[in-house]
Amino acid sequence: MHPVRKQRLWLVLFLVVFSSSAIGLMAYALRGNINLFYPPVDVAAGLAPVGQNIRVGGMVVDGSVERSDNSLEVRFAVTDYEAVVPVVYTGILPDLFDEGQGAVAAGKLDENGVLQASEVLAKHDENYMPPEVAEALEASKSRMAEQAARQGYGQ
Amino acid sequence: MWTLFHKFGSPPWLYRLSGAILRWLLPITVVALVAGSVWGLLFTAPDFRQGNSYRIIYIHVPAAVVALAGYYVMAIAGAVSLIWRMKMADIAMRACAPIGAALTFIALVTGSIWGKPTWGTWWVWDARITSMLILLFLYLGVVALYEAYENKALAAKACAVLSLVGTVNIPIIYKSVDWWYSLHQPASIKFTGGSTIDPSMLYPLLFMILAFYALFTCALLLNMRAEILQREQRTAWVRALAGERGGS
């Protein structure tokens with residue numbers, strides 16, 4: 001390789017490495033702001049500000065969704081399996097919102113640690129399958145649970 | 001190896017080679033795109049939670065994957081242009097930018113259309129979507145920067161530096177869903193371990209990704225050929241080519 005070209009090659013490598021590390025350090029410094037939402041464990045630890053607009057994301061706790069009889073008010077709780085944050089929301093939920101599924105709620109935390117949400121988004125996971133496969137999975141899971149229960153009784 | 005590399009610097013050689021490649025790649029691409037779309041849109045089962053709306057994956061994911069890969073093509077062409085001052089590398093870099101911008105735009109628009117029924121919002125400033133928007137601006141920035149200079153050698157140099165600096169964005173886009181809490185789900189296709197998408201849905205998706213790579217290659221070569229003819233219009237070989245076509 002021609003020495004001038006070799007020098008330019010080093011210059012190009014230096015440019016890429018230097019700019020990448022600069023931007024990498026910036027992203028690292030701003031990492032808290034890049035997160036779209038707080039996990040419930042951070043909210044429980046008091047890391048999320050009270051009375052400011054924030055987002056809290058996690059799985060909707062099974063059996064926690066309570067709909068009001070005479071308004072659009074919905075109460076539910078989100079969890080990251082370490083802490084639970086209760087959420088109150090008035091409005092229409094997205095179609096894919098469901099218990100045991102991911103959700104992100106935007107709103108303000110009140111003094112009691114309840115998130116007064118102004119927007120609720122459903123978070124879709126990375127699992128894609130046809131309905132028959134999902135049913136088969138569900139069936140084999142319940143069969144395994146049954147088996148485990150039976151073995152448990154036998155002992 | 002170096003002689004082959006230097007052959008790429010020759011406009012008539014590259015023009016003829018790209019013509020030979022396009023003659024069979026272009027029909028294959030068209031057939032693959034149509035076949036892949038029909039396979040994905042009509043002959044796969046609906047998703048167990050999303051129903052039919054998930055089918056946008058067959059456009060969204062291939063467009064996004066090739067938009068990221070195309071950026072590396074542009075950056076590598078930029079590096080070659082900086083190091084070897086090869087005109088054909090300038091042309092390749094310049095040709096990548098509008099195609100990459102179009103693919104990024106398709107990925108953003110289809111994602112937004114899918115996001116409304118799935119998430120409940122058209123747009124959210126999460127890490128994946130925001131870094132993808134930055135990718136669109138990088139592509140458009142290369143186009144705009146190139147047009148801003150009267151002196152094309154200087155323009156190529158500036159664009160090469162911009163595209164090289166922008167490469168850091170590609171791993172950020174790719175890993176954004178793992179590094180930060182985002183609304184966008186993590187990747188379903190995994191290189192290591194099992195994919196979390198059913199094989200009956202995965203195969204048409206992989207097929208469409210290949211078809212989009214072929215589409216990118218075709219668009220890149222067509223763009224480059226047009227630019228080569230434009231730049232070399234006063235040379236004997238282009239005149240001979242034009243005379244050949246015009247005379248017959």
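Mentor: Keeping in mind that this is a predicted model, begin with α3(B) and α8(B), whose crossing is right-handed.

Trainee: And how do their axes lie, what distance and what angle?

Mentor: The axes of helix α3 (residues 57-84) and helix α8 (residues 199-231), both of chain B, come within 9 Å and cross at roughly 45°, which makes α3(B) oblique to α8(B).

Trainee: Which residues meet there?

Mentor: On the α3(B) side they include B:Ile57, B:Tyr58, B:Val61 and B:Gly70, and these belong to a set that meets residues of α8(B), among them B:Leu205, B:Met208, B:Phe212 and B:Phe216. By class, the residues of this contact divide into 14 nonpolar, one polar and no charged.

Trainee: Switching to the two chains, how many residues of each are in contact?

Mentor: In chain B there are 38 residues in contact with 35 residues of chain A. On the chain B side, α3, α4 (87-118), α6 (152-166) and α8 each supply at least two residues, and the largest share, four residues, comes from α3(B). That side of chain B has 24 nonpolar, ten polar and four charged residues.

Trainee: What about chain A, how many helices and strands?

Mentor: Chain A has four helices and six strands, and along the sequence they follow the pattern α-α-α-β-β-β-β-β-β-α.

Trainee: Is chain A spread out or compact?

Mentor: Its radius of gyration is 24 Å, well over the 15 Å that the globule rule gives for 155 residues, so chain A is more spread out than a compact globule. Of those 155 residues, 25% count as buried.

Key. Residues numbered from 1 in each chain as written. Chains lettered and ligands numbered in written order. Predicted model: local features only at pLDDT ≥ 70, side-chain atom pairs only at ≥ 80, totals over all residues. Axes fitted to C-alpha atoms, helices over the stretch in contact; angles between N-to-C directions. Parallel < 35°, antiparallel > 145°, perpendicular 65-115°, else oblique. Left-handed = near helix turned anticlockwise from the far one by under 90°. Contact = placed C-beta atoms within 7 Å. Nonpolar A, V, L, I, M, F, W, Y, C, P; charged D, E, K, R; others polar. Rg over C-alpha atoms; globule rule 2.2 N^0.38 Å. Buried ≥ 20, exposed ≤ 12 C-beta atoms within 10 Å, placed from the backbone.
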